[in-house]
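Here's a quick briefing to read alongside the model. Have the viewer open as you go.

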Amino acid sequence: MQQIVSLLYILFFLGVSITTLFIVYHISKYSLSKKTAFWGNTIFLSGLIILLGMSALIFSRIDWDSVVFEPQMTQQKNLW
């Protein structure tokens, strides 16, 4: 199960990477000055690295086999 979820995370990461290239290109191309483009890209990439790093760290700590195959049952009231 871990391999399937890891593959999905890799696909997510590739999607984010492609979107990042798109955003960085447009910040660089359509900024009013090179200085603004540099700082815009710096802020964007810094935030992206922090968020993706946190996401990868949290993702690596999840035991997917217990999440998928052994869900904890909560007590449910019989509604009938």
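How much accessible surface does the protein have, and what share of that surface belongs to carbon and sulfur atoms? The total comes to about 7,100 Å², with 71% belonging to carbon and sulfur atoms; accessible areas here come from the Shrake-Rupley method with a 1.4 Å probe, and for residues only the protein chains shown count as cover.

Bear in mind that this is a predicted model: local features need pLDDT of at least 70, side-chain atom pairs count only at pLDDT 80 or more, and totals for chains, interfaces and linings use all residues. Residues are numbered from 1 along each chain as its sequence is written, and side-chain values use heavy atoms, with hydrogens and water left out.

**Overall layout**

- The secondary structure is 3 helices and 0 strands, where helices (H or I, at least four residues) and strands (E, at least two) are DSSP runs numbered from the N terminus.
- Reading from the N terminus, the elements go α-α-α.
- Of the 80 residues in the protein, 12% are buried; buried means under 20% relative accessible area, exposed means over 50%, and partly exposed is in between (1.4 Å probe, protein chains only).
- Take the contacts between residues at least 6 apart in sequence, and 66% of them join residues at least 24 apart; a contact means heavy atoms within 4.5 Å.

**Helix lengths**

- Helix α1 has 29 residues and reaches 42 Å from its first C-alpha to its last, close to the 42 Å expected at 1.5 Å a residue; the expected span is 1.5 Å times one less than the number of residues.

**Buried positions and their contacts**

- The buried residues in α1 are Val5, Tyr9, Val16 and Thr20.
- In α2, the buried set is Ala37, Asn41, Leu48, Leu52 and Phe59.
- Threonine 20, in helix α1, counts as buried because its relative accessible area is 10%.
- Neighbours within four places in sequence aside, threonine 20 is in contact with Phe44, Leu45 and Leu48.
- Over in helix α2 sits asparagine 41, which is buried because its relative accessible area is 11%.
- Setting aside neighbours within four places in sequence, asparagine 41 is in contact with Val24, Ile27 and Ser28.

**Aromatic pairs**

- The whole structure holds 3 aromatic pairs; rings of Phe, Tyr and Trp (its six-membered ring) pair if their centres lie within 6.5 Å, and planes under 30 degrees apart count as stacked, over 60 as edge-to-face and the rest as tilted.
- Tyrosine 9 and phenylalanine 12 make a tilted pair, because their planes are at 45 degrees, with ring centres 5.8 Å apart.
- Both tyrosine 9 and phenylalanine 12 lie in helix α1, 3 residues apart, about one turn of the helix.
- Tyrosine 9 is buried at 16% relative accessibility, whereas phenylalanine 12 is partly exposed at 43%.
- The rings of tyrosine 9 and phenylalanine 59 are stacked, because their planes are at 15 degrees; their centres are 4.4 Å apart.
- That pair links distant parts of the chain, since tyrosine 9 is in helix α1 and phenylalanine 59 is in helix α2, 50 residues apart.
- Phenylalanine 59 has 15% relative accessibility, so this residue counts as buried.
- Tyr9, Phe12 and Phe59 together form one aromatic cluster.

**The loop between α1 and α2**

- Serine 31 has its place in this loop, between α1 and α2.
- With a relative accessible area of 23%, serine 31 is partly exposed.
- Beyond its neighbours within four places in sequence, serine 31 is in contact with His26, Thr36 and Ala37.

**A nonpolar patch**

- Ile4, Leu7, Leu8, Ile10, Leu11 and Leu14 make a nonpolar surface patch of about 590 Å².
- Patches are made of residues with over 30% relative accessible area and no salt bridge; like charges are joined within 9 Å, and nonpolar side chains (Val, Leu, Ile, Met, Phe, Trp, Tyr) within 5 Å.
- A salt bridge is a side-chain nitrogen of Lys or Arg within 4 Å of a carboxyl oxygen of Asp or Glu.
- Leucine 14 is found in helix α1 (residues 2-30) and counts as partly exposed at 47% relative accessibility.
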